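Hello,

Here is the structure for you to look over. My notes follow below it.

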Amino acid sequence: MMDYNNITWSYLPDTSIANNIGQFVKHSRLSQNKSQQELALEAGINRSTLALFEAGKKSVSLLTLIQLLRALDLLQLLAVFDAKPQISPLLLAEQEQKLRKRAAKAKPIGKQPKSDW
């Protein structure tokens, strides 16, 4: 398998990236001792589609890639795409300053009339 740590992905053409992904799927399939037919059946795709994808000759839809990763039990690889909104440190500091720091005495609403009782 290729050494993916040394690849500068931004310099690779799209076809090379697709080929690398296909090689990754193939390597993962073989390391799990699954045939193309078994993986294709588990993923719900045609074996020929898988074969072409692994060879880098066919690009597949994102849905197909997700199906393959699910069948290989590798969905955790998609965690990098879990985008969570981040609050800016300045906005966080402003919000913390607005929080009450201590309790204050209740302010009188107005002079209350004395009771006739």
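Leaving out residues up to four places away in sequence, K34 touches R29, E42 and A71. Contact here means heavy atoms within 4.5 Å. This is a predicted model: local features need pLDDT of at least 70, side-chain atom pairs count only at pLDDT 80 or more, and totals for chains, interfaces and linings use all residues. Residues are numbered from 1 along each chain as its sequence is written, and side-chain values use heavy atoms, with hydrogens and water left out.

K34 sits in the loop between helix 1 (14–31) and helix 2. Helices are DSSP runs of H or I, at least four residues, numbered from the N terminus. K34 counts as buried because its relative accessibility is 16% (buried is under 20% relative accessible area, with a 1.4 Å probe and protein chains only).

Two polar contacts deserve a look. The side chains of K34 and E42 are joined by one of 2.8 Å. The K34 side chain also reaches the backbone oxygen of A71, at 2.9 Å. A polar contact is a pair of N or O atoms within 3.5 Å; within protein, one must be able to donate a hydrogen and the other to accept it.

Now the helices. Helix 2 (residues 36–43) packs with helix 4 (residues 62–71) at about 110°, axes 8 Å apart. Axes are lines fitted to C-alpha atoms over the stretch in contact, and angles run from 0 to 180 degrees between N-to-C directions. The two helices are therefore roughly perpendicular (65 to 115 degrees). L39, E42 and A43 in helix 2 meet Q67, L68 and A71 in helix 4.

Regards

Conventions: Angles under 35 degrees count as roughly parallel, over 145 as roughly antiparallel, 65 to 115 as roughly perpendicular and the rest as oblique. Buried means under 20% relative accessible area, exposed over 50%, partly exposed in between (1.4 Å probe, protein chains only).
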